[in-house]
Amino acid sequence: QVQLAESGGGLVQAGGSLRLSCTASGSISEANVMSWYRQAPGKQRDLVAAHVSGGTTNYADSVKGRFTISRDSTRRTVYLQMNSLKFEDTAVYFCNLVDATTSGRRDTWGQGTQVTVSS
């Protein structure tokens, strides 16, 4: 069973920075994608940034140039460095891991961490 543990959310003023962390425990496939999504009240959950195990990254247009996704050397922890935060970045941020098992694709979600940006 894979679990994702997130940390790093909080309250920050507009223009400030936060770094989110997410660590995967359990057995995961070498080929995988770790991503950050966010969900604001009353809105759908949207992709913020994704990091493929081979190193490819992609970002939502709204965060390009401000957010950076990266992994540590174990490849089990993914970070989201968020700079120049805006009020509209306020949301619950969820970590997601997509990998493969003998049964096929597996999707795992973290519990979410609140990010609140005050204007």
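1. The charged end of arginine 45 sits over the ring of phenylalanine 94, at 3.6 Å from the ring centre; the term requires NZ of Lys or CZ of Arg within 6 Å of the ring centre and within 35 degrees of the ring normal. The charged end of arginine 45 also sits over the ring of tryptophan 109, 4.6 Å from its centre.

2. The model is predicted: local features need pLDDT of at least 70 and side-chain atom pairs count only at pLDDT 80 or more, while totals for chains, interfaces and linings use all residues. Residues are numbered from 1 along each chain as its sequence is written, and side-chain values use heavy atoms, with hydrogens and water left out.

3. A search of the whole structure finds two aromatic pairs. Rings of Phe, Tyr and Trp (its six-membered ring) pair if their centres lie within 6.5 Å; planes under 30 degrees apart count as stacked, over 60 as edge-to-face and the rest as tilted. The rings of tyrosine 37 and tryptophan 109 have centres 5.0 Å apart and planes at 65°, so this pair is edge-to-face. Tyrosine 37 lies in strand β4 (residues 32-39) and tryptophan 109 in strand β10 (residues 104-109), 72 residues apart; strands are DSSP runs (E, at least two residues), numbered from the N terminus.

4. Phenylalanine 94 and tryptophan 109 form an edge-to-face pair, with 6.5 Å between centres and 85° between planes. Phenylalanine 94 belongs to strand β9 (residues 91-101).

5. Phenylalanine 94 is buried, at 10% relative accessible area, whereas tyrosine 37 is partly exposed at 21% and tryptophan 109 is partly exposed at 36%. Buried means under 20% relative accessible area, exposed over 50%, and partly exposed in between (1.4 Å probe, protein chains only).

Definitions and conventions
Helix = DSSP H or I, 4+ residues; strand = E, 2+ residues; numbered from the N terminus.
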